[in-house]
Amino acid sequence: MDLIPALDIKNNTVVSPYKGKRHSYKSISNKYFVPENVINFINYIRNLNNIHTIYIADIDAIMNSKKYKNNIKIIKKILHRFKKLDFIVDHGIRSLREINIYKNYDNYLPVIGTETFLDYRKLQKKKSLKYVLSIDKYKNKILFKNNYVSEYKYVNPSKIICMNIDNVGTDRGPDIEFYKKIKKIYKNKDIIISGGVNVNRDIEEIKSNGCSKVIALSSLLNKST
């Protein structure tokens, strides 16, 4: 099982996410005895497990906040400093031209999220483009912009994240039914489950359903603190 820790950055600080209530995200050090400094936090979580990949969510960019520019510099610093780690980065991509912000880093794989993306027709033509598609579920519905509700089904991502935002930061357990729904669409793709995963309790259930990758943080930190 590949465990991918989640790193949520808001205004240059690591924050603790909870059910997608992004305006109220607070420093992660308010909840756990861990560093809120981004570089120090990565060094901390690297020592908790055999980590190869880290998922980064630029919360300000996803929210389209003017503060998102504050995070670009620190994310570039992360990519440069931790060259032996791979990073899956969601920076709220809305159009294909935004995919190039971190293109000079070999350890960067962009996330295209259904919550924010608009350029599906152009994306369908980019057969060789490497990216992760995040299918974002909130309040039991897949999030999408404008009328693009089903467009995610016709693109060719390298991997897929089943992101249940309602479960993020909770101990509800994985959304296996959501995973199964997406697996029917993308039968031959790597699918990553995210939201509510307890790495000490849920791994066997996830494995038994044919999934080998999860994004998690809360249970990892709870175990260590």
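Which residues does Thr-116 touch, not counting residues up to four places away in sequence? In this predicted model, the contacts of Thr-116 are Ile-62, Gly-92, Ile-93, Arg-94 and Lys-145.

**Thr-116**
- Thr-116 sits in the loop that runs between strand 6 (108-113) and helix 4 (120-125).
- Its relative accessibility is 3%, so Thr-116 counts as buried, the cut-off being under 20%.
- One of the residues that Thr-116 touches is Ile-93, and the side chain of Thr-116 reaches the backbone oxygen of Ile-93 at 2.9 Å.
- Asn-198 is 82 residues apart from Thr-116 along the chain, and the C-alpha atoms of the two are separated by 27 Å.

**Aromatic pairs**
- The structure has 3 aromatic pairs.
- One of them joins Phe-117 and Tyr-120: the ring centres are 5.1 Å apart and the planes stand at 90 degrees, so this pair is edge-to-face.
- Tyr-120 also pairs with Tyr-148, with 5.7 Å from centre to centre and 50 degrees between the planes, which is a tilted arrangement.

**Exposure of the ring residues**
- Phe-117 is buried, at 0% relative accessibility.
- Tyr-120 is buried, at 1% relative accessibility.
- Tyr-148 has a relative accessible area of 24% and is therefore partly exposed.

Notes
Residues are numbered from 1 along each chain as its sequence is written. This is a predicted model: local features need pLDDT of at least 70, side-chain atom pairs count only at pLDDT 80 or more; totals for chains, interfaces and linings use all residues. Side-chain values use heavy atoms; hydrogens and water are left out. Helices (H or I, at least four residues) and strands (E, at least two) are DSSP runs, numbered from the N terminus. Buried means under 20% relative accessible area, exposed over 50%, partly exposed in between (1.4 Å probe, protein chains only). Contact means heavy atoms within 4.5 Å. A polar contact is a pair of N or O atoms within 3.5 Å; within protein, one must be able to donate a hydrogen and the other to accept it, and residues adjacent in sequence count only if both atoms are side-chain atoms. Rings of Phe, Tyr and Trp (its six-membered ring) pair if their centres lie within 6.5 Å; planes under 30 degrees apart count as stacked, over 60 as edge-to-face and the rest as tilted.
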